[in-house]
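Visitor: I would like a quick tour of this model. Can we work through it by question and answer?

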Amino acid sequence: MPLEAGLLEILACPACHAPLNDRTAAETPELVCTGDGCGLAYPVRDGIPVLLVDEARRPR
């Protein structure tokens, strides 16, 4: 279930403050940082983004 557009507009990557790409419609819902060199993927659990760097998946 995609996040509301208004919410996505105000959310940013806690590590680098870049905008986030909504991938909540995928099998593993997450918000992915669009910043160059960052690319952290933050999980979305029960429709709630978990924007903690310690919980983020590192880019491969």
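Visitor: Which residues does Glu-30 contact, leaving aside its neighbours within four places in sequence?
Guide: This is a predicted model. Glu-30 sits in strand E2. Beyond its neighbours within four places in sequence, its contacts are Asn-21, Asp-22, Arg-23, Thr-24, Ala-41, Tyr-42, Pro-43, Val-44 and Arg-57.

Visitor: Is Glu-30 buried or exposed?
Guide: The cut-off for buried is under 20% relative accessible area. Glu-30 has 12% relative accessibility, so it counts as buried.

Visitor: With which side chain does the side chain of Glu-30 make a polar contact?
Guide: Arg-57 is on the contact list of Glu-30. The polar contact runs from side chain to side chain, at 2.8 Å. The partner of Glu-30 is Arg-57.

Visitor: What is the bridge partner of Arg-23 in E2?
Guide: E1 and E2 run antiparallel and are joined by 4 bridges. They form a hairpin, with 6 residues between them. Arg-23 is paired across these strands with Glu-30.

Visitor: Is Thr-24 buried or exposed?
Guide: Thr-24 belongs to the loop between E1 and E2. Its side chain has a polar contact of 2.6 Å with the side chain of Asp-22. The relative accessible area of Thr-24 is 3%, so the residue is buried.

Visitor: In what order do the strands of the open sheet run?
Guide: The sheet has 4 strands, with antiparallel pairing. E2 pairs with E3 over 3 bridges, and 2 bridges join E3 to E4. The order is E1-E2-E3-E4.

Visitor: Which strands stand at the edges?
Guide: An edge strand here has a single partner strand, so one of its sides is left without a neighbour in the sheet. That applies to E1 (20–23) and E4 (48–49).

Visitor: How many residues of E3 are buried?
Guide: E3 pairs with E2 in the antiparallel sense, and Tyr-42 in E3 is the bridge partner of Leu-31. On its other pairing, Val-44 stands opposite Pro-49 in E4. E3 is mostly covered, and the count of buried residues is 4 of its 5.

Visitor: Which elements give two or more residues to the largest nonpolar core?
Guide: The largest nonpolar core has 12 residues. Among them are Leu-31, Cys-33, Tyr-42 and Val-44. The elements giving two or more residues are strand E2 (30–33) and strand E3 (41–45).

Visitor: What is the phi of Asp-46?
Guide: Most residues other than glycine have a negative phi. Asp-46 lies in the turn of the E3 and E4 hairpin, with 2 residues between the strands. It is exposed, at a relative accessible area of 82%. Its phi is positive, about 55°.

Visitor: Where is the phi of His-17?
Guide: His-17 lies in the loop between helix H1 (5–10) and E1. At 63% relative accessibility, the residue counts as exposed. Its phi is a positive value in a residue other than glycine, near 70°.

Definitions and conventions. Residues numbered from 1 in each chain as written. Predicted model: local features only at pLDDT ≥ 70, side-chain atom pairs only at ≥ 80, totals over all residues. Heavy atoms only, no water. Core = buried A, V, L, I, M, F, W, Y, C linked by side-chain atoms within 4.5 Å. Buried < 20%, exposed > 50% of the residue type's maximum accessible area, 1.4 Å probe, protein only. Pairing = 2+ DSSP bridges. Polar contact = N/O pair within 3.5 Å; in protein donor to acceptor, adjacent residues only side chain to side chain. Contact = heavy atoms within 4.5 Å.
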